[in-house]
Amino acid sequence: QMLAVVAHDLRTPLSAISISAHVLRARFGETKELGTIVRACGRAMQLIDDLLLASKLGNRALPFRLAPTDLHFLLEHVAEEHAPIACVAQVNIEVEAPPGLRILADPERLLQMLSNLIVNALKFTKRGGRVRLVAETRGERVALIVADDGEGIPPSQLPQVFERYWRGSSSPASGAGLGLFIAKEIAEAHEGSITV
């Protein structure tokens, strides 16, 4: 309840700042300073959303809407969504999934899970590298894989990777350390698991 109240109280001034920045941008054109304000507001709103989501997932209070979900389409969609970031980073995103592979899942939550994983992969992959999004059957189960050719995570840190608020020693200062925790909670809410 406290998180919900604090989130609401933080969103109100952030929304006012963001709207004002957009009005100034429309009136006077794009400036470096206005771009910084808009991006900072967006990051702050995303952190608030992640905190609220992590709280709901941890309490299993988040509703899931299950539907037959085409994994090839889903992976193509998440790759397309992150293509601009990949282009700037000069990293290739490759999708490998058989057409027609479907599972019963909440497509919005799977998109969110994959998005959190691909953002990490893009963050730690050097220019000219690649990120692979793979869906494959393993017996009666399906594996979704996000793989990159970045430097990886030190073995000593692997047990903590999916803990709430955890950030690796080589992580940039941005972020609250919730992305991988949220990915784990979404996987487990689908009666699956996540490993690294």
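Me: How many salt bridges does a search of the whole structure find?
Reply: The search finds six salt bridges. A salt bridge here is a side-chain nitrogen of Lys or Arg within 4 Å of a carboxyl oxygen of Asp or Glu. This is a predicted model: local features need pLDDT of at least 70, side-chain atom pairs count only at pLDDT 80 or more, and totals for chains, interfaces and linings use all residues. Residues are numbered from 1 along each chain as its sequence is written, and side-chain values use heavy atoms, with hydrogens and water left out.

Me: Which residue does Glu94 form a salt bridge with?
Reply: Its partner is Arg130, with the closest N and O atoms 2.8 Å apart. The two sit in distant parts of the chain, 36 residues apart: Glu94 in strand β2 (residues 92–96) and Arg130 in strand β4 (residues 130–138). Strands are DSSP runs of E, at least two residues, and helices are runs of H or I, at least four, numbered from the N terminus.

Me: Is Glu94 buried, exposed or partly exposed?
Reply: Glu94 counts as partly exposed because its relative accessibility is 28%. Arg130 is also partly exposed, at 36%. Buried means under 20% relative accessible area, exposed means over 50%, and partly exposed lies in between (1.4 Å probe, protein chains only).

Me: What sheet do these strands belong to, and in what order?
Reply: An open sheet of three strands, in the order β2-β4-β5, with mixed pairing. The edge strands are β2 and β5, each pairing on one side only. From one strand to the next, the twist averages 10 degrees.

Me: How do β2 and β4 run, and how many bridges join them?
Reply: They run parallel and are joined by five bridges. Two strands pair if DSSP finds at least two bridges between them.

Me: Which strands does helix α3 lie across?
Reply: Helix α3 (residues 71–81) lies across β2, β4 and β5, running at about 165 degrees to β4. Helix α5 packs on the sheet too, touching β2, β4 and β5, and its direction makes about 25 degrees with that of β5. Contact means heavy atoms within 4.5 Å. Axes are lines fitted to C-alpha atoms, for helices over the stretch in contact, and angles run from 0 to 180 degrees between N-to-C directions.

Me: Switching to helices, at what angle do α5 and α6 pack?
Reply: About 145 degrees, with their axes 9 Å apart; α5 is residues 107–123 and α6 is residues 179–189. Residues in the contact include Leu110, Met113 and Leu117 in α5, and Leu180, Ile182 and Ile186 in α6.

Me: How many residues of α6 are buried?
Reply: Eight of its eleven residues are buried, leaving α6 mostly covered. Among them are Phe181, Lys184 and Glu185.

Me: What does Lys184 form a salt bridge with?
Reply: With Glu185, the closest N and O atoms being 3.1 Å apart. Shared partners join Lys184, Glu185 and Glu188 into one salt-bridge network. Glu185 counts as buried because its relative accessibility is 7%.
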